[in-house]
Amino acid sequence: MNLLDLIWMIPLFPAVGFVINGIFGKKLPKPAVAVIASGAVLVSFLMAAGAVYQLSQRPVEERSHNVAVYHWIDGGSAHTMSGDVERFAVDWGFLLDPLSSVMVLVVTGIGFLIHVYSAGYMYEEDGFYRFFAYMNLFMFSMLTLVLGNNYVMMFVGWEGVGLCSYLLIGYYFLKRSAGDAAKKAFIVNRVGDWGFSIGIFMVFMTVGSLEFTTVAERFHEGAAAGHFHAGDTWLVVMALALFVGATGKSAQVPLYVWLPDAMEGPTPVSALIHAATMVTAGVYMVARSNFIFQLAPQAMAVVAVIGALTALMAATIGIVQNDIKRVLAYSTVSQLGYMFLALGVGAFAAGVFHLMTHAFFKALLFLCSGSVIHALHHEQDLRNMGGLKDKIPVTFWTMTIGTLAIAGTPGLAGFFSKDEILWQAFSSSHGHILLWLIGAIVAGITSFYMFRLLFMTFFGEYRGGKAHHHDDHGHGAHAIHESPKAMTIPLMILAAGSLLAGYVGMPKWLSSGGSSFEHWLEPVFEPVPGVAAEVAHYGEGVEIGMAAVSVAVALIGFFIAYTTYYRKSDRAERVSAQFKGLYTAMLNKYYIDELYDWLFVNRAKDGGRFLWRFDSKIVDGVVNGSAATTVQSALGSGWWDRWIVDGLVRFTGGLIKTASWPVRLIETGYTQNYALVMVLGLLVLGGYLLWGTP
Amino acid sequence: MGQFFKLADLGAIAPELELILWGMGILIADLIIKDKKKLGIVAIVGLFVSGIFLFRLNGVEATAYGGLLVIDQFANFFKLIFLVAATLAIAISMKYLDIERENHGEYYALILFATMGMMFMAGAVDLVTMYISLETMAIATYVLVGFLRSSQRSNEASLKYFLLGAFSSGILLYGMSLLYGISGSTRFIDIAEALSRRPLNDPISLMAMITLSAGMFFKIAAVPFHQWTPDAYEGAPTSITAYMSVAVKAASFAMMVRVFMVAIYPMRPHWVAIMAAVSVMTMTVGNIAAITQSNIKRLLAYSSISHAGYVLIGLIAGNQTGLIAVAIYLLIYTFTNLGAWAVVVALKRRDVIGEHIDEMSGLFFKNPVAAILMLIFLLSLAGIPPTAGFIGKFYLFASAIETGHNTLAVIAVLNAAISIYFYLRIVVAMFMREPNEKTELTYSPALLTVLAVAFIVTMFIGIYPDPFISMARLAIPAGF
């Protein structure tokens with residue numbers, strides 16, 4: 001069976017699962033809902049695995065399989081920048097190539113494990129079916145995103161995962177904070193989507209196609225023929241527009257603020273959407289558009305700097321957080337920063353490699369934290385944990401593996417991918433020693449906050465129960481027990497992945513052939529002709545030395561955490577007292593949320609209030625002078641922001657209202673008046689021609 | 001010219017002929033059958049049989065009756081729309097007429113006759129055929145609008161519609177007589193030939209064109225010839241409003257395409273200017289007036305006015321994309337709008353008028369499926385993907401941009417944005433207000449079928465428009 005021609009079916013199974021659970025889920029027993037949802041994802045995974053296997057059996061140059069299911073959009077013709085006329089035609093089509101293979105396996109594989117885990121984790125929740133319906137809808141959208149063979153389909157999936165993210169963050173919609181977080185995620189992403197859509201338009205205007213293989217070909221040919229030069233302003237703007245989209249979806253500075261709040265969603269959602277898959281869509285998109293970025297070195301520099309900055313900023317905030325999920329959320333932002341750092345220095349394969357390993361260990365860490373929260377009946381504060389090592393051993397051991405992996409312990413997944421990124425940041429022609437330095441420091445901080453989390457959760461004495469707020473449960477330390485099998489087995493599989501996933505991408509000094517992962521992706525990340533790419537000339541010794549440095553930094557992080565939180569010193573208090581200003585700033589996330597509130601949210605609220613006033617008048621249907629008066633007062637009030645933001649809105653509103661008045665006036669109901677208007681209309685038409693024609 | 005009447009010509013009008021006979025049969029059966037709902041089913045069967053005859057004409061290109069009538073893919077495409085619209089309209093009527101206590105056999109016969117008139121309109125390439133088929137449709141519709149004999153509103157609406165319709169027919173006939181005077185023929189092709197030999201600014205031709213256009217604009221309810229629409233739509237039985245808003249409009253557009261793209265094509269620079277102005281006015285007035293309506297029937301009436309404004313864009317563009325857009329838009333509009341009207345029909349109960357926007361309050365909590373379907377129809381009317389309405393608007397606006405009418409496209413998009421406001425007012429009422437005791441629906445199996453069909457087609461075209469686009473492309477060959 002040729003599975004490659006059937007890749008269009010891969011997203012379809014979760015879609016069917018969504019429809020079944022969405023319509024009938026309420027009436028189905030919970031196990032049936034879970035089996036349908038997880039089963040759909042499992043079938044997708046098996047199909048994807050089969051298809052990827054068949055792809056890998058082909059010779060390297062044929063490893064790109066396009067399947068166009070049907071003409072989806074057949075728009076009119078448009079002029080491209082080169083003056084050619086191209087039809088704006090988009091297929092509902094799918095592409096399996098090395099890059100999308102990696103993504104589809106990560107999404108379906110880890111997605112399946114998280115579905116299984118959710119069956120245990122969410123069992124007691126109301127709206128169990130709703131959860132799984134949304135999760136399957138998410139899988140459908142995500143698979144459309146990664147398998148789509150053009151930018152428009154990618155955009156459809158992009159918006160779809162955004163919607164599902166919104167729905168699932170707000171899953172506990174009776175909680176105000178959850179609703180707010182959902183809205184925040186949605187609105188912040190809008191900014192990114194705006195950039196992404198501008199980028200898509202620019203791509204079409206430049207090459208007259210949106211299909212990935214064609215676009216890549218035309219960029220390569222154009223560069224070879226000298227139509228495009230590295231650093232053309234147009235290309236830089238295009239790359240940056242696309243990158244704005246990526247910063248929204250992948251939570252980079254300045255649009256990262258939604259991700260920590262997104263932890264209001266159920267923990268499996270955080271694992272699946274806000275750690276392993278959706279948030280990496282931006283990385284995937286930039287990697288997919290690598291030919292554009294290669295032609296825009298200035299944009300690459302921006303990507304690298306933003307990535308490094310995000311990594312550092314989020315990691316420092318992560319140090320002081322006390323909510324177990326928030327620590328992991330900032331850690332995710334920070335690790336995504338690493339990926340963009342890799343993309344920005346031209347190491348696309350390294351970025352995707354880290355994407356893959358990160359998916360394993362971060363999904364694992366989130367699910368472990370979920371298991372802890374489950375065991376403690378929704379306790380998320382690290383300060384109320386401790387001593388859980390022997391009570392939930394499976395969670396403890398798997399979480400330890402995850403922590404070791406993310407901290408960069410040699411031999412585990414995180415080590416290989418992070419090291420590759422750091423090495424490229426240092427050695428690549430786009431790299432810089434400062435980028436490497438930031439990366440190395442972040443590695444140390446990562447190790448510190450992760451071990452802090454591990455020690456505070458599992459070691460020492462159980463600190464919960466004493467000052468407990470949940471009177472309704474009234475449980476003490478004795479009520480804590482390990483999660484069910486449906487939850488622990490996925491943890492073990494992911495732990496195995498975190499141990500082993502790195503070995504597909506071993507560096508040259510460890511395996512003779514170099515990274516097989518990199519070789520697999522090579523056809524996608526082919527260098528664009530004419531772009532000077534100097535090969536770094538460093539010996540293996542330097543590379544090994546660099547690796548040793550990053551391991552040493554991680555060890556330092558570990559020891560500080562060990563002495564502070566395992567040995568129970570009062571260092572944490574002393575240091576935070578000594579650097580009170582910095583500590584408060586970090587605790588308050590550098591006041592970025594407050595800044596955005598002040599800059600954008602309050603201004604938007606001002607606008608909203610005006611719209612509301614306008615609206616209430618329209619609804620009441622009071623057509624009187626008040627509109628004119630309010631318009632006047634708005635114009636006269638002299639408030640600069642109100643002028644700009646709302647003046648226009650109110651003016652339009654007033655105009656429409658004023659315009660509707662004569663319309664209603666002539667709608668008298670008298671037939672003779674109607675006939676009169678018709679005659680007048682006829683006269684106007686006639687008059688127009690008599691005067692309009694010479 | 002040859003022999004005027006050939007026996008083979010009967011085959012060319014078989015679908016229409018069948019409808020006439022079937023309609024007469026229903027009138028006779030009305031005397032015998034007591035349960036009038038059965039007549040509705042009989043009428044639907046008749047429409048299906050007509051559809052079979054139509055299907056047999058698929059792909060046939062012929063001229064009948066010595067050039068009075070043509071059979072081509074364009075005509076067939078529109079005839080299909082009329083048959084579908086009539087079928088759906090009858091399906092939503094049966095229960096509704098019972099509630100209004102006006103279930104009579106004539107109703108179904110009249111719908112069949114009106115449909116027959118429309119089908120001739122789509123094939124007419126001669127002024128006389130065109131006018132007679134137009135009046136066949138119009139007179140049947142006048143009666144249908146006033147079908148609620150005991151309702152003063154319905155009678156008033158019917159009379160207004162009739163008077164203004166007669167008035168506009170007078171204007172139309174004036175233009176037609178001038179065209180006959182210029183060309184000495186009633187055939188569209190001869191008229192085009194005669195016009196092209198005269199100077200472009202010839203006052204007689206201009207006069208003929210203006211009066212002819214004015215008559216046409218009345219039929220599609222374009223501003224400033226639109227004022228009968230809200231009154232007639234509000235007063236007519238809701239099922240007839242639904243039928244009129246899609247089928248009468250589609251038939252008038254089919255006729256307009258033939259007249260404007262063939263008969264008075266030589267005057268194109270002039271009529272494009274007029275039509276652009278009318279299109280902008282129609283969209284804008286329709287949408288702005290709709291904002292302040294609190295009666296759903298009036299609101300949807302204004303909405304249908306604005307939609308006529310959008311469709312005119314396709315004619316203004318006048319290229320293949322534009323005409324395809326007209327055809328596909330009308331097809332989509334048929335399903336979407338009938339679906340929305342079906343929900344309004346379901347609101348009607350014996351003691352409740354079911355027209356005020358408040359009567360939709362909290363529909364979502366009482367009847368989530370109906371509310372969600374209505375939401376989808378309204379989104380489609382507003383042109384939001386992935387519903388079919390988006391595809392229709394996309395093609396219309398794309399055709400405007402292709403032919404360089406950028407300002408028009410911008411105005412149209414702005415108008416589409418305004419329209420979202422009043423469509424969402426209904427949505428707000430359905431989803432965000434408390435239900436009141438009036439919010440109930442009356443269903444019949446037929447009505448549910450209509451809702452399901454409208455929903456499926458609306459979503460299907462939105463997601464997979466390809467087959468319908470190819471169908472429209474067949475109907476409108478390049479260089480129509």
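**Cores, a hairpin and a helix pair**

A:Tyr256 touches A:Ala251, A:Met313, A:Ile317, A:Tyr330, A:Val333, A:Lys589 and A:Ile592, leaving aside residues up to four places away in sequence; contact means heavy atoms within 4.5 Å. This is a predicted model, in which local features need pLDDT of at least 70 and side-chain atom pairs count only at pLDDT 80 or more, while totals for chains, interfaces and linings use all residues. Residues are numbered from 1 along each chain as written, chains are lettered from A and ligands numbered from 1 in written order, and side-chain values use heavy atoms, without hydrogens and water.

**Nonpolar cores**
- A nonpolar core joins buried (under 20% relative accessible area, 1.4 Å probe, protein chains only) Ala, Val, Leu, Ile, Met, Phe, Trp, Tyr and Cys residues through side-chain atoms within 4.5 Å.
- The largest has 213 residues, and A:Tyr151, A:Phe219 and A:Tyr256 have the most contacts inside it.
- Helix 15 (residues 348-375) of chain A gives the most to this core, 18 residues; helices are DSSP runs (H or I, at least four residues), strands likewise (E, at least two), numbered from the N terminus.
- Another core, of 203 residues, lies apart and includes B:Phe77 and B:Leu381.

**Hairpin in chain A**
- Strand 1 (residues 65-79) and strand 2 (residues 85-96) of chain A pair in the antiparallel sense over eleven bridges; pairing takes at least two DSSP bridges.
- A:His65 stands opposite A:Leu96.
- Five residues separate the strands of this hairpin, and A:Gly83 in the turn has a positive phi of about 95 degrees.

**Helix 10 of chain B**
- Eight of the eight residues of helix 10 (residues 228-235) of chain B are buried, so this helix is largely enclosed by the rest of the structure.
- Among them are B:Trp228 and B:Asp231.

Technical notes. Buried < 20%, exposed > 50% of the residue type's maximum accessible area, 1.4 Å probe, protein only.
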